[in-house]
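Have the viewer open as you read.

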Amino acid sequence: MDCSKGCGLMGAAWIVKDEKGIVLEYSRRAFSDVKSINEAQLQVWLWVLESMKSLRKNKVVFLSTFGDIVEAIEKPALWPTLQFEATEIKRELQSLEAWELRIRLLASVRCASFIAQSVRQLGLMQSNVAAGHPRWLDHIDQSIYENIAYLLKVIKDVRFDVEVNRSWLWILRYLWKNRNTFIFEGKLFEAEEITKKAKEEADVWFLAQQVQSGMDKMEAGVIEQGAHGNVQTIAKGCVLCEFDMDRSKGCGLMGAAWIVKDEKGRVLEHSRRAFSDVKSID
């Protein structure tokens with residue numbers, strides 16, 4: 001089921017499979033004015049059981065994420081507050097020839113979860129019972145893998161802009177993250193948003209590598225001269241100390257650093273420090 005706390009609207013779905021895992025039928029239904037999670041679970045259970053009896057399914061294994069209800073049925077002493085719901089459900093279960101209750105994680109019943117989410121996410125309010133399964137479910141994983149395959153194919157294409165081409169690893173990450181977000185939360189991001197986020201993260205990463213490379217050169221004593229190319233000459237036996245600062249006006253945070261070089265321009269030491277609560281430039 002997929003329940004909205006704000007408006008009391010709930011979507012629910014069930015899928016019936018045979019012993020080979022082949023989908024036989026599925027159903028979707030919208031519920032309104034649902035006041036609590038216990039009431040929601042009870043309504044869904046009673047609807048599912050009524051549907052099974054109508055379809056003449058007399059031997060049923062029930063898979064759901066309703067772990068507390070299942071335990072209340074099988075271990076009443078552990079769940080005294082759910083005994084009303086458990087009693088109602090057990091009464092309906094007795095009309096079946098054989099039944100078994102199993103608790104599963106959401107990933108195990110994700111197809112039923114998708115159908116339930118379509119009530120609120122896609123506005124599919126009309127109840128239905130149909131043979132087979134919704135064909136749009138076939139394309140969820142397929143489209144993701146097709147995107148990844150295409151991306152791997154074009155990453156070495158020199159016709160693409162360098163900044164776009166170097167972002168492919170982050171695009172892969174966001175494609176997979178978007179898939180998982182859709183499966184477990186029912187949310188989708190547009191392609192433009194995925195590309196934008198991937199490019200931003202790639203730019204930050206490459207900038208960090210440039211900074212690190214510069215620090216490595218400084219530590220190795222091979223740092224290049226300033227932007228104007230002026231060579232600072234100092235007397236033999238002396239050292240050159242260069243220092244600067246970077247200050248944020250808003251929060252009073254400041255960073256400062258110094259570098260010590262010998263007369264040949266080789267870096268001997270360097271240091272960095274953060275200062276807080278800096279109130280003025282002076």
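What follows covers the strand pairings and then the helix packing.

First, the ground rules: this is a predicted model, in which local features need pLDDT of at least 70, side-chain atom pairs count only at pLDDT 80 or more, and totals for chains, interfaces and linings use all residues. Residues are numbered from 1 along each chain as its sequence is written, and side-chain values use heavy atoms, with hydrogens and water left out.

Helices (H or I, at least four residues) and strands (E, at least two) are DSSP runs numbered from the N terminus. Two strands pair if DSSP finds at least two bridges between them.

| Strand pair | Bridges | Direction |
|---|---|---|
| β1 (residues 2-3) and β2 | two bridges | antiparallel |
| β2 and β3 (residues 23-31) | eight bridges | antiparallel |
| β7 and β8 (residues 254-261) | eight bridges | antiparallel |

Start with β2. Six of the eight residues in this strand (residues 10-17) are buried, so β2 is largely enclosed by the rest of the structure; buried means under 20% relative accessible area, with a 1.4 Å probe and protein chains only. Gly-11 of β2 is the bridge partner of Asp-2, while Ile-15 has Tyr-26 in β3 as its bridge partner. β2 and β3 make a hairpin with five residues between them, and Gly-21 in the turn has a positive phi of about 85°.

Now the helices. The axes of α1 (residues 37-54) and α3 (residues 83-93) come within 10 Å and cross at roughly 5°, where axes are lines fitted to C-alpha atoms over the stretch in contact and angles run from 0 to 180 degrees between N-to-C directions. That makes α1 roughly parallel to α3, a label for angles under 35 degrees. Contact means heavy atoms within 4.5 Å; among the residues meeting there are Trp-45 and Leu-49 in α1 and Phe-84 and Ile-89 in α3.

As for α2 (residues 67-74), Gly-67, Ile-69, Val-70, Ala-72 and Ile-73 are buried. The buried residues of α2 pack against α1, β4 (59-64), α3 and β5 (98-103).

Methods:
Angles under 35 degrees count as roughly parallel, over 145 as roughly antiparallel, 65 to 115 as roughly perpendicular and the rest as oblique. Buried means under 20% relative accessible area, exposed over 50%, partly exposed in between (1.4 Å probe, protein chains only).
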